[in-house]
Each structure stands twice: as C-alpha cells, then as structure tokens.
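Here is a short report on one protein model. Look over the sequence and the fold first, then read on.

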Amino acid sequence: MSGPDPAVQVLAIGKRARIDLARGRIPEAIAGFEASIQAHRSAGRVSDEFLDRFALSYTLLFKGCRFAEARAALGALGPLEAIHPEGRALKGWPRAACLPVTSPRPSGV
C-alpha cells in the first residue's frame, strides 16, 4: 500500500491552520496558513492557494491587527489572477477591508 495522497497532505496543512484559528491559537494558525500557501504553490494548486491566502489575510487583519501583512498576503495573488478569474472576483472584499488603515484617505473625507 502506498503512503498518503500528497494532495490530501497539502490540504491537511490548511485544515490544521483553520483548527488553530478556531481554538484561538493565532500564531500557530498564521504559521500553518503560510506553510499551506507554500505547499499549494509548490503543487500548483492555485485555487487552494487563493483560499488559504484569504484565510491568512482574515487572520492577520481581524485576529492580529497586522494590516500591512494582511494586505501583502493578498498582494501576492496578483500574478495568479490571470489564471484564476474566480479568485480575482473574490479578492475585492478582503482587499477593501485592509484599505482604510493601510491607505491614505481621499481628500475631502
């Protein structure tokens, strides 16, 4: 019998990060999402990388108040948007959530 399916192993990293997040283990969740993102990138799993980057940005933004890092996590998706239009459409909300703190206010506001 062969070992565990590599795709399942990669997905399990992100699942563990989500469990850490749910249990309030924020540093572990962030580290887990970062590991999962790298594993997805190595395996060419663009859709899963998008989802875990969204989860990482949420964690950084709402659980750690690490606004610049949350924005950077989303910014790394730029090169992948051309091959994953659905991800590009989903990206607007988390990016907008990061803007009020990390971008200058428009004049007249």
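## Overall layout

Helices (H or I, at least four residues) and strands (E, at least two) are DSSP runs, numbered from the N terminus. By that rule, the protein chain has 6 helices and 0 strands. Read from the N terminus on, its elements run α-α-α-α-α-α.

This is a predicted model: local features need pLDDT of at least 70, side-chain atom pairs count only at pLDDT 80 or more, and totals for chains, interfaces and linings use all residues. Residues are numbered from 1 along each chain as its sequence is written, and side-chain values use heavy atoms, with hydrogens and water left out.

## Surface and contacts

The protein chain exposes about 6,600 Å². Carbon and sulfur atoms supply 60% of that area. Accessible areas come from the Shrake-Rupley method with a 1.4 Å probe; for residues, only the protein chains shown count as cover.

Buried means under 20% relative accessible area, exposed means over 50%, and partly exposed lies in between (1.4 Å probe, protein chains only). Buried residues make up 35% of the 109 residues in the protein chain. Contact means heavy atoms within 4.5 Å. Take the contacts between residues at least 6 apart in sequence: 52% of them join residues at least 24 apart.

## The nonpolar cores

In soluble globular proteins, nonpolar side chains tend to be buried together. A nonpolar core here is a set of buried Ala, Val, Leu, Ile, Met, Phe, Trp, Tyr and Cys residues joined through side-chain atoms within 4.5 Å. The largest one has 13 residues. Leu21, Ile30, Phe33, Leu56 and Leu60 have the most contacts inside it. Helices α1 (6-22), α2 (26-43), α3 (46-63) and α4 (67-75) each supply at least two residues of this core. The largest share, 5 residues, comes from α2. Apart from this core lies another, of 6 residues, among them Val46, Phe50, Leu74 and Leu77.

What does Leu21 touch? Leaving aside neighbours within four places in sequence, Leu21 is in contact with Ile26, Ala29, Phe33, Tyr58, Thr59 and Lys63. Thr59 sits in helix α3. At 0% relative accessibility, Thr59 counts as buried. Not counting residues up to four places away in sequence, Thr59 touches Leu21, Ile26, Ile30, Phe33 and Gly64.

## Where α3 meets α4

The axes of α3 and α4 come within 8 Å and cross at roughly 170°. That makes α3 roughly antiparallel to α4. Axes are lines fitted to C-alpha atoms, for helices over the stretch in contact, and angles run from 0 to 180 degrees between N-to-C directions. Angles over 145 degrees count as roughly antiparallel.

From α3 come Arg53, Phe54, Leu56, Ser57, Leu60 and Leu61; they meet Phe67, Glu69, Ala70, Ala73 and Leu74 in α4. The residues of this contact divide into 8 nonpolar, 1 polar and 2 charged. Ala, Val, Leu, Ile, Met, Phe, Trp, Tyr, Cys and Pro count as nonpolar, Asp, Glu, Lys and Arg as charged, and the others, Gly among them, as polar.

Ser57, in helix α3, counts as buried at 3% relative accessibility. Ser57 and Ala68 are 11 residues apart in sequence and 9.7 Å apart in space, C-alpha to C-alpha.

Not counting residues up to four places away in sequence, Asp20 touches Arg25, Glu28 and Ala29.

Gln9 also has its place in helix α1. Gln9 is partly exposed, with a relative accessible area of 43%. The C-alpha atoms of Gln9 and Ser36, 27 residues apart along the chain, are separated by 9.7 Å.

Terms used:
Parallel < 35°, antiparallel > 145°, perpendicular 65-115°, else oblique.
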